[in-house]
Amino acid sequence: MMSKPSRLSAAAFLLLASWSAVGFAQTAQTAQTAQDTDEVFEETIEVSVVNLEVFVSGKNGEPIPDLKREDFQVLEDGKPVEITNFFAETGPVPAAAVAAAGGAEAIPRSPDQRLSLVIFVDDTNMEPQNRNRILGRLGELLGSDLGPDDQVMLVHFDNDLKVLRPFTTDRSSIESEIARLKDLSGDKQRREATRDTAVQQILDAVETNGGWEGAESLVKQYAAAESAMVRGALTALDQVVVWIGSLPGRKAVLYVSDGISAMPGEDVYLWASTRSGYRAGRRISMLDSTGFDASKAFREVTARASRSRVSIYTIETMGAHTERGATLYENQIVNRQNGLRILSEETGGLAMLDAADPGKALRQMAADLTTYYSIGYRPQRVADDREHKIEVSVNRKGSSVRHRRWYKDKPTSELVAERTTAAMVFGAEENPLGVSLEFGQQTPVD
């Protein structure tokens with residue numbers, strides 16, 4: 001169950017009204033003309049600039065920092081588009097250069113390039129020892145790899161979503177909250193025990209009944225419970241994307257877990273299907289596991305993140321510290337890693353899997369956050385509710401390119417809802433979106 005956001009204040013309500021008015025004024029213009037005796041109304045919807053973070057690496061996996069605007073080609077729905085905005089971030093500013101310039105404030109970054117990073121710790125899908133391996137190395141990322149004006153927020157999910165530290169540039173306050181998390185127990189150990197119990201119950205049912213007919217319902221019950229856990233975590237992750245969706249600049253989520261199943265219960269279905277094929281009675285079919293397919297729920301999260309310029313980075317160490325070979329556990333790891341790949345690949349992030357050395361994996365992420373290309377283009381079409389495919393290529397032999405693959409135009413209603421939610425979560429007084437309201441003289445329409 002989600003923790004309740006703060007009550008909407010009168011100021012936040014006023015912001016909602018102002019955003020509604022401003023959003024409408026910016027996205028639609030209505031022209032009235034007369035044709036014969038009938039009135040014809042035309043509506044023009046202005047499409048905003050589409051911003052992309054593009055990550056380019058060479059054969060050695062290292063970022064390529066010296067590309068120019070003319071080295072890139074962008075296609076939307078297979079058609080070339082003109083690059084109107086281009087910015088290259090070539091790495092963190094050395095501390096000596098910052099000091100020589102008179103401190104961090106002397107080298108400000110543009111608001112459109114500042115980073116808002118959310119560290120999302122999912123204890124419903126993580127064992128404490130794996131969590132602590134990762135959290136123990138986050139200090140390196142926070143201490144040296146982020147810009148001085150980048151802000152970080154820490155959230156924790158254990159069947160209830162909590163903001164442990166709102167957005168701040170004070171790294172020490174984030175690190176102190178991370179230290180407290182290390183002492184918490186996790187929920188995944190109880191889930192592992194539940195799965196082992198379910199497997200034993202299935203085996204007992206097979207032995208008692210002399211076949212697999214009575215065990216089928218037990219497999220289904222386990223898959224249903226796993227599905228509920230997965231959807232709960234995805235709902236929480238989606239809520240975080242809503243919170244930060246309308247903030248200016250770049251946005252990223254670091255999702256810390258042992259993975260999240262793309263097909264909840266598939267590991268037990270596959271195990272039972274294999275075992276039942278060599279026993280008397282009807283075989284349990286793997287096709288039955290498709291009833292718990294979570295791909296639609298994953299798609300909802302990645303769709304919102306993609307149209308909100310939010311990249312999702314995922315990291316897990318379970319695969320590197322689990323003994324391979326047992327079919328049940330092997331399938332579980334693969335299933336969970338597939339979910340992490342979906343979240344990252346669909347949003348232009350990075351899936352850091354089998355991270356035996358979390359520090360090394362986080363340095364890869366840091367390279368993304370500090371060496372990238374920001375590309376903007378304006379689609380030559382009216383806004384719509386369709387998905388639009390994005391392709392970016394680079395004129396550099398042997399390079400690989402990563403970016404979000406598609407997007408949808410964000411409806412005005414969604415933009416207003418996101419801004420209202422941001423006011424409720426972050427507080428209207430701070431005005432994190434930099435919204436202002438101006439009153440002018442109304443012009444009558446003839």
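This is a predicted model: local features need pLDDT of at least 70, side-chain atom pairs count only at pLDDT 80 or more; totals for chains, interfaces and linings use all residues.
Helices (H or I, at least four residues) and strands (E, at least two) are DSSP runs numbered from the N terminus, and two strands pair if DSSP finds at least two bridges between them.

Residues are numbered from 1 along each chain as its sequence is written. Local features need pLDDT of at least 70 and side-chain atom pairs count only at pLDDT 80 or more, while totals for chains, interfaces and linings use all residues, and side-chain values use heavy atoms, with hydrogens and water left out.

A further open sheet has 6 strands in the order β9-β8-β7-β10-β11-β12, with mixed pairing. Here β9 (161-168) and β12 (351-352) stand at the edges, each with a single partner strand, so one side of each is left without a neighbour in the sheet. Strand β8 (residues 151-157) pairs with β9 in the antiparallel sense over 5 bridges, and Leu154 stands opposite Arg165 in β9. Strand β10 (residues 250-256) pairs in the parallel sense with strand β7 (residues 115-122) over 7 bridges, and likewise in the parallel sense with strand β11 (residues 310-315) over 6 bridges. Phe120 stands opposite Tyr255 in β10, whereas Leu254 has Tyr313 as its bridge partner in β11. Both faces of β10 are covered, with Arg250, Ala252, Leu254 and Val256 on one side and Lys251, Val253 and Tyr255 on the other all buried, where buried means under 20% relative accessible area, exposed over 50% and partly exposed in between (1.4 Å probe, protein chains only).

Turning to the helices, α7 (residues 216-244) and α8 pack at an angle of about 160 degrees, with their axes 9 Å apart. That angle makes α7 roughly antiparallel to α8; angles under 35 degrees count as roughly parallel, over 145 as roughly antiparallel, 65 to 115 as roughly perpendicular and the rest as oblique. Val219, Lys220, Tyr222 and Ala223 in α7 meet Asp267, Val268, Tyr269 and Ala272 in α8, contact meaning heavy atoms within 4.5 Å.

With α9, by contrast, α7 packs at an angle of about 10 degrees, the axes lying 10 Å apart, and α7 is therefore roughly parallel to α9. Among the α7 residues that meet α9 are Val230 and Arg231.

Ala294 lies in the loop between α8 (266-276) and α9 (295-307), and this residue is buried, with a relative accessible area of 0%. Leaving aside its neighbours within four places in sequence, Ala294 is in contact with Val230, Arg231, Ser261, Ala262 and Pro264. The C-alpha atoms of Ala294 and Ser261, 33 residues apart along the chain, are separated by 8.0 Å.

Key: Axes are lines fitted to C-alpha atoms, for helices over the stretch in contact, and angles run from 0 to 180 degrees between N-to-C directions.
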